[in-house]
Amino acid sequence: MTRDLSITINGEEREFAVAEFRSLLDALRNEIGLTGTKKGCDVGDCGACTVILNGKPVNACLVLAVEADGGAVETIEGLQAAPDKPSPLQESFMVHGGAQCGFCTPGVIMMAKALLDDNPEPSEHDIRFALAGNICRCTGYTKIFDAVRAAADEMRKAPAP
Amino acid sequence: MRRFRYYAPNSLAEASRLLRELGETASLFAGGTDLLVEIREELRTCAHVIDIKKIPDLHELSFDEERGLRVGAQTTAREIEISPVVRTRYPNLASAVAALGSIQVRNRATLVGNICRASPSADTLPPLIADGAVLTIWSEDGERSLPIERFFVGPGRTVLARGEIVAGVTIPPPRPASARIYIKHGRRKAMELATVGVAVSVDRHAGACADVRIALGAVAPTPIRALRAEAALRGNRVTPRLIAEAAEIAMSEATPISNVRASAGYRREMVGVLTRRALEAVTGAPQ
């Protein structure tokens, strides 16, 4: 059965129809056309599909689209102010080499955003603990942690308007 | 994704009716972090998914000194993990939920879902058993209470009858001079299933062990209590020798299997090691 849904995605209300068994991840990528959120394992192990649903980071593969009806979803596409204006977190990942192949990066950045929203001054342990569910095969994580730490410092100096 | 029908009832009565009418191919859905994976990997035949998140009054997380901690069927692992009262009064449960999957998973997974999934290795079960948690089970005939250790029948199997729903779980208030701990042993620190899990809750009185409950995870078809090890400790003065004896007895009470995560022999050894460490921690014995 198909359901008509209304979900606020990156601040914009979107109405669309989706099969009731469809995951939020598949709906974002296929029905909405936002392919920044990646499908890695599709069973909640890798974190590549991390989005923020009603303020909390979740694996979009383990959420049904129908459950998000009436709710708010933030994806990697919503982070930057404009196509040529990356957010401080995105900027920091570029500066510190936090991305190599880039497949895990949207999920890592969304999880890092959720961390910094909650805890603007995370310890090294806080960063590692928060990113435990995001798997990266390239970086060895060191540069990811560097990027998050530097972004946190940067954002505390100049809080977002 | 395999296809299924989705239902979002507004009451326990409606959810229970759906469970009974739709039969064996219907499953309740709270966090879905096991259910959706099992459907996708074709480990479970499920044609009907009944979402309980629209049902009112199932999102409780409250503590009082009389009744203890009450957790509703919709309360997530993450909500429990970050709850100050859980961290101070039930550090065993706090560490068990914090060891479950990732933050993304814990924002969805529920404690009651972890209970009902009835995995022998589920992290939350040993501390709940050691603390004497009681389930509230709803059916059209009314509510019944059941001590959690009588809930499990085998891997993935519980005593729930068709149409019964676990609405919540209550953990008694910690007694004065009590202490509790859960120790998880895995191959790595994060995103891991327990190879062995040991929970010990103890009531101390004047250097003696007034009462103790030891629960073992991942070493039998269900989580179990090490009843003979408890009996060896109960009422006695706690010494390193007594702790070593109790740990040895706990090893003999485990009936582990060998699988991809560990051999039976290794699991049994670790029951001894972790039971000793847990007892040392909760009794303040010299280590």
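This is a predicted model: local features need pLDDT of at least 70, side-chain atom pairs count only at pLDDT 80 or more; totals for chains, interfaces and linings use all residues.
## Interface between chains A and B

The interface joins 29 residues of chain B to 27 residues of chain A. The size of an interface is often given as the accessible area lost when the parts come together. For chain B and chain A the buried area is about 2200 Å², and carbon and sulfur atoms account for 60% of it. On the chain B side, the residues that lose the most area to chain A are Tyr6(B), Arg40(B) and Gln104(B); together they supply 30% of what that side buries.

Between chain B and chain A there are 11 residue pairs in polar contact, counting pairs with both residues at pLDDT 80 or more. Four elements of chain B each give two or more residues to the side that touches chain A: strand S1 (5-7), helix H2 (35-40), helix H3 (77-81) and helix H6 (103-106). H6(B) provides the largest share, four residues. By residue class, the side of chain B that touches chain A consists of 11 nonpolar, six polar and 12 charged residues.

## Salt bridges

Over all chains, the structure holds 37 salt bridges. Four salt bridges link chain B and chain A. Lys53(B) pairs with Glu67(A) in a salt bridge whose closest N and O atoms are 2.7 Å apart.

Within chain A, Lys113(A) forms a salt bridge with Asp117(A), and here the closest N and O atoms are 2.8 Å apart. Lys113(A) and Asp117(A) both belong to helix H3 (residues 105-118) of chain A and are four residues apart, so about one helical turn separates them.

## Helices H10 and H11 of chain B

Helix H10 (residues 240-253) and helix H11 (residues 264-283) of chain B have axes that come within 8 Å and cross at roughly 140 degrees. The crossing of H10(B) and H11(B) is right-handed.

From H10(B), the contact is made by Ile243(B), Ala246(B), Ala247(B), Ala250(B), Met251(B) and Ser252(B). The residues that H11(B) brings to the contact include Arg268(B), Glu269(B), Val271(B), Gly272(B), Thr275(B) and Leu279(B). Taken over both helices, the contact of H10(B) with H11(B) comprises seven nonpolar, four polar and four charged residues.

## Positive phi in loops

Asn54(A) lies in the loop between strand S3 (50-53) and strand S4 (56-59) of chain A. Its phi is near 50 degrees, a positive value in a residue other than glycine.

In chain B, the loop between strand S13 (208-217) and strand S14 (224-225) contains Ala218(B). Ala218(B) is not a glycine either, yet its phi is positive, at about 70 degrees.

Terms used
Residues are numbered from 1 along each chain as its sequence is written. Chains are lettered from A and ligands numbered from 1 in the order in which they are written. Side-chain values use heavy atoms; hydrogens and water are left out. Contact means heavy atoms within 4.5 Å. Buried area is the accessible area (1.4 Å probe) that two parts lose on being put together, summed over both. A salt bridge is a side-chain nitrogen of Lys or Arg within 4 Å of a carboxyl oxygen of Asp or Glu. A polar contact is a pair of N or O atoms within 3.5 Å; within protein, one must be able to donate a hydrogen and the other to accept it, and residues adjacent in sequence count only if both atoms are side-chain atoms. Ala, Val, Leu, Ile, Met, Phe, Trp, Tyr, Cys and Pro count as nonpolar, Asp, Glu, Lys and Arg as charged, and the others, Gly among them, as polar. Axes are lines fitted to C-alpha atoms, for helices over the stretch in contact, and angles run from 0 to 180 degrees between N-to-C directions. A crossing is left-handed if the near helix is turned anticlockwise from the far one by less than a right angle, and right-handed if clockwise.
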